[in-house]
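Please look over the sequence and the structure below before reading on.

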Amino acid sequence: MRPDSEALIVIDVQNDFCDGGALAVPGGSGVVPGINAMMLDFAAVVLTQDWHPRGHASFASSHPQRAPFDVVEMPYGAQVLWPDHCVQGSAGAAFHPDLTVDRANMIVRKGFRPGIDSYSAFFENDRTTPTGLEGYLRSRGIDRLVMVGLATDFCVNFSAVDAARLGFAVEVRTDLTRAIDLDGSLEQAMDGMGDAGVRLV
Ligand code: VGL
Ligand code: ZN
């Protein structure tokens, strides 16, 4: 068992990011058995859940003349447009059916504000609006995080970099993540996490 000061952060292991989902990450379902096994070692287990209202600003369908994976400028910076995914209450937004959700102490939902996306478990894409996860972890006395889940180059990357920036010791178990890999985004993410002091295992 790990010490009480460590938490496992399981990012977005939801149907839409798994095989057959609306924004399927290649091999996404493959992380589930390993994550379930890891949960048994941690007293603190946090799940994140991408949770968008219908018509969310990150959906290409909300932008006439735009296609999925185009990049647009939003008031808070560049935003990739995605296929509709993880719509609140939909089957696609549910956790993978084999994920042992009962082990989780806390579920953080993100991306629920209509006009702003949220890749990170800590801040929305303006990098300043907090989700509240930092306070939850600190008030439990947690200062070390192990991160796993989907997708390596978006939500795991942003979460890991933000956590490191907030002063947590962060490790990403890359064997328990899978990437979308748009135009070299995986390599960029690996470099960015390394520069931020995230341990890539
Ligand atoms: C994610 C794109 C859009 C992720 C979420 O979980 O990595 N990627 N929404
Ligand atoms: Zn999303």
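Are Asp50 and His85 buried or exposed? Asp50 is buried, and His85 is buried as well, where buried means under 20% relative accessible area, exposed over 50% and partly exposed in between, calculated with a 1.4 Å probe on protein chains only. This is a predicted model, in which local features need pLDDT of at least 70 and side-chain atom pairs count only at pLDDT 80 or more, while totals for chains, interfaces and linings use all residues. Residues are numbered from 1 along each chain as its sequence is written, chains are lettered from A and ligands numbered from 1 in the order in which they are written, and side-chain values use heavy atoms, with hydrogens and water left out.

Asp50 (OD), His52 (NE2) and His85 (NE2) coordinate the zinc ion (ligand 2) at 2.0 to 2.2 Å; donors are N, O and S atoms within 2.8 Å of the metal (3.2 Å for Na, K and Ca), and since water is not among the atoms, sites may look incomplete. Along the chain, the donors of the zinc ion (ligand 2) follow the spacing D-x1-H-x32-H. Because Asp50 lies in strand β2 and His85 in the loop between β4 (77-80) and β5, the pair ties together parts that are 35 residues apart in sequence.

From Asp50 the view widens to strand β2. Helices (H or I, at least four residues) and strands (E, at least two) are DSSP runs, numbered from the N terminus. Seven of the seven residues of β2 (residues 44-50) are buried, so the strand is largely enclosed by the rest of the structure. In a regular strand the side chains alternate between the two faces of the sheet. Both faces of β2 are covered, with Ala44, Val46, Thr48 and Asp50 buried on one side and Val45, Leu47 and Gln49 buried on the other.

Strand β1 (residues 6-11) pairs with β2 in the parallel sense over five bridges, two strands being paired if DSSP finds at least two bridges between them, and Leu8 stands opposite Val45 in β2. Strand β5 (residues 106-110) also runs parallel to β2 and is joined to it by five bridges, with Met106 as the bridge partner of Val46.

Helix α1 (residues 32-39) contains Met38, which is buried with a relative accessible area of 7%. Leaving aside neighbours within four places in sequence, Met38 is in contact (heavy atoms within 4.5 Å) with Arg2, Leu8, Val146, Val148, Arg173 and Leu176.
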